[in-house]
Amino acid sequence: MVYWYDRVSPEISVGLHNPPHTYIPLRLSKSLGGFFIAPFFNGAFMTSLAEYLYLGNGNKKLNRNLHAKTFTFSLPAGFSCPGANLCLAKADPITGKITKGDQCLFTCFAARDECIYPSVRKSRWRNYELCKSLDHKSLVSLIHRSIDHYVSRDATHIRWHVSGDFFSAQYLKAVLEAAKHYDNDLIFYAYSKALHFFNDQHTGVPLIERPPNFRLTASWGGIYDFMIDKFPDQFSRSARVVNSRREAEIFDLPIDEDDSLASGPIDQHFALFESIAKRKETAALRKSMLTPV
Ligand code: SF4
C-alpha cells in the first residue's frame, strides 16, 4: 500500500484538492505497492525518507498561550549563534559540558538543556548537520517534508529556534522560502541576534524579504544590538531579558510570559523575565559545570 501525503505541493495530488497546510493521505494504485513516493515528487533525492529535521510540540511556556498551537525547531545553542554575546554558552556535543563566552552575563538556557539532556543535544546537532549539508532547494524541501511529518494539522505557529539562531545567510534564505508556502495558515516566528543577515549593518537596507507570515523579534544581548537602535523601522519588535518585573517597568516594557507577543501580529518591544528559580538553577550549573573559554 502506498500513502502519499503532502501539504506543500498541492498540484501533485493527482485529481484531489489538497490545500496547503493540510495532511492528506492518498492511496495510490496497488500496482505501485510498497513504495513511498512523496520524497521523489518533492524533489528531495539527497535525503532518505528517514531523514527529517526534528520539530517538537510546544513546551510548558508556549502551551500557556491558549490562542496558539505551537511547534518548535532547534539547533545547538551557541554553535549556531553568530550574533550571540552576553548570552553565549555552548554545551560540548559529546560530553555536554558547558563553556561560556568572554562576555557572557547570563548563561543561555538552551545550552543548559543540552547539558542536562543528551537526547536534546543529539537532536539539535542532527538538525544542524542536516541544515549545513544541503543546498538551498534540498533544504527547503526537507523543511517542508519535516513539517508534514511532525507538525499537526491544527498547528498555528512554529517557533523557529527555541535554541540556536540563523547561522548563515543561506540558511535564513531557505527558512524564509520554506515559510512562504504556508501563507498565514502557519505563522513562523523567531528571536534572533543574527540581525546582520536580515539587514545591512551599515545602511539598514533589507538583505532579504521577510514573508508576511514570518515574525522576527530582535533579541537584545548580541553583537548586533546597535542595529536595533540604529534602524528602529526595521527592528520594530525586540525582546530584552530583565531580572525583575520592576526592571521591565523601568524600561516601560510589557513582559511576554507565553510567547504571545513574540508570535502575535503586533510589532512591539517587550521584556522576557528570567525568574529567580531559573537564575538559581543556572547559578548552580555554572558552579558545577562552567569552564571559561
Ligand atoms: S542566541 Fe539564543 S540560543 Fe544562542 S547562545 Fe544566545 S540565548 Fe542561547
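**Note on the predicted model**

1. In this predicted model, the largest nonpolar core has 50 residues, of which Ile 143 and Val 175 touch the most other members. A nonpolar core here is a set of buried Ala, Val, Leu, Ile, Met, Phe, Trp, Tyr and Cys residues joined through C-beta atoms within 7 Å. Helix H5 (residues 169–180) gives the most to this core, namely seven residues; helices (H or I, at least four residues) and strands (E, at least two) are DSSP runs, numbered from the N terminus. Apart from this core lies another, of 14 residues, including Cys 87 and Val 162.

2. Residues are numbered from 1 along each chain as its sequence is written. Local features need pLDDT of at least 70, side-chain atom pairs count only at pLDDT 80 or more, and totals for chains, interfaces and linings use all residues.

3. Buried residues account for 40% of the 293 residues in the protein chain. A residue is buried if 20 or more other C-beta atoms lie within 10 Å of its own, exposed if 12 or fewer, and partly exposed in between, with C-beta atoms placed from the backbone. The chain's secondary structure comprises nine helices and twelve strands.

4. Asn 59 belongs to the loop between strand E3 (55–57) and strand E4 (70–73). Asn 59 counts as partly exposed because it has 14 C-beta neighbours inside 10 Å. Leaving aside neighbours within four places in sequence, Asn 59 is in contact (C-beta atoms, placed from the backbone, within 7 Å) with Thr 72 and Val 162.

Technical notes:
Contact = placed C-beta atoms within 7 Å.
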